[in-house]
Amino acid sequence: MQSAILQLNVTDDPVANLAVTQEMFRKAVADGAQFILTPEVTNCISTSRKHQQEVLQFEADDITLAALRAEAKAAGVWLLIGSLGLKTDDADQRFANRSFMIGPDGEIVAKYDKIHMFDVQISETETWRESEGYRPGDRAVLARTDFAKIGMSICYDVRFSHLYRALAKAGAQILTVPAAFSPVTGAAHWHALLRARAIETGCFVIAPAQTGTHASAAHKTRDTYGHSLVVDPWGEVILDAGTASGVYKFDLDMEKGETARRRVPSLANARNFSGP
């Protein structure tokens, strides 16, 4: 199946970001892609919660969601919007970090709210508290398409292998990990974690990523790692997009998953145990 990742370098302006994403989307369609994936926070990257309150919208009003649903319908393709930052009705005004699977008719097939929040201290100068601005989800989601069952996740989720095992046990053949990964942790762990999730489950892992320095008119900029990856069910990297933004094509051969699971049936061999 012809597929494509859009590796983005978004700013804190959702309107400008949408125009770039649509241009890339149309290029992917023109190149024959039937399944297109975007990264985490496709609509906006900002380090300012105040700015996010000004520019982010509720799901029903979000311009990026509406426009990309229309693009998918016009092209008749499947689309994973890696995630959007969205307002919620929470009393504390925290946002949702929500991924969407869009069908060829433009309808929302499935949506997933990021479960694991990136609350870390990477170094003395780099600390992140995602839970201060975003509320965590509490439900794993399996999207059913006409070509595969797809387990949805977002970025920091990748460190929690039990989520992916549960998705694979439920029938997932593809695992999506849209991300805006830190350059420090990306260089250390990105490839190893994604390959491990593929090997453990016998699934394709598709990880569209943000890349580079993200421009901001009035706030601190942020850097992300890039290197959107596609890993096959045997753990081989079949696409590494490097650090340039752009459209990256790849083929999905779903028979590879069946072959990998026959060769090493680790999901079937897993046993419950007591202790320690």
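Ala, Val, Leu, Ile, Met, Phe, Trp, Tyr, Cys and Pro are counted here as nonpolar, Asp, Glu, Lys and Arg as charged, and the others, Gly among them, as polar. By this classification, the lining of the largest pocket in the predicted model comprises 11 nonpolar, 11 polar and 11 charged residues. The pocket has a volume of about 780 Å³. Of its 33 lining residues, Ser46, Thr47, Trp128, Glu130 and Arg222 lie nearest the centre. At least two lining residues come from each of helix H2 (49-55), strand S8 (127-129), helix H4 (130-133), helix H6 (183-201) and strand S14 (222-225).

The second largest pocket has a volume of about 160 Å³. It is lined by 13 residues, and Ile199, Ala260, Arg261, Val264 and Ser266 are the closest to its centre. Two or more residues of this lining are given by each of H6, helix H7 (255-263) and helix H8 (266-269). In terms of class, eight residues of the lining are nonpolar, three are polar and two are charged.

The interior was examined next. In soluble globular proteins, nonpolar side chains tend to be buried together. The largest nonpolar core of the model contains 49 residues, of which Phe35, Met101, Trp190, Leu194 and Ile206 touch the most other members. When residues up to four places away in sequence are not counted, Leu194 touches Val158, Val177, Val205, Ala207, Leu229 and Val231.

Notes
Residues are numbered from 1 along each chain as its sequence is written. This is a predicted model: local features need pLDDT of at least 70, side-chain atom pairs count only at pLDDT 80 or more; totals for chains, interfaces and linings use all residues. Side-chain values use heavy atoms; hydrogens and water are left out. On a 1 Å grid over the protein atoms alone, a cavity is a set of points where a 1.4 Å probe fits but cannot get out, and a pocket is an open set with protein on both sides within 12 Å along at least five of seven lines; lining residues have an atom within 4 Å of a point. Grid points are joined across faces, edges and corners, and a volume is the space filled by probe spheres set on the points. Helices (H or I, at least four residues) and strands (E, at least two) are DSSP runs, numbered from the N terminus. A nonpolar core is a set of buried Ala, Val, Leu, Ile, Met, Phe, Trp, Tyr and Cys residues joined through side-chain atoms within 4.5 Å. Buried means under 20% relative accessible area, exposed over 50%, partly exposed in between (1.4 Å probe, protein chains only). Contact means heavy atoms within 4.5 Å.
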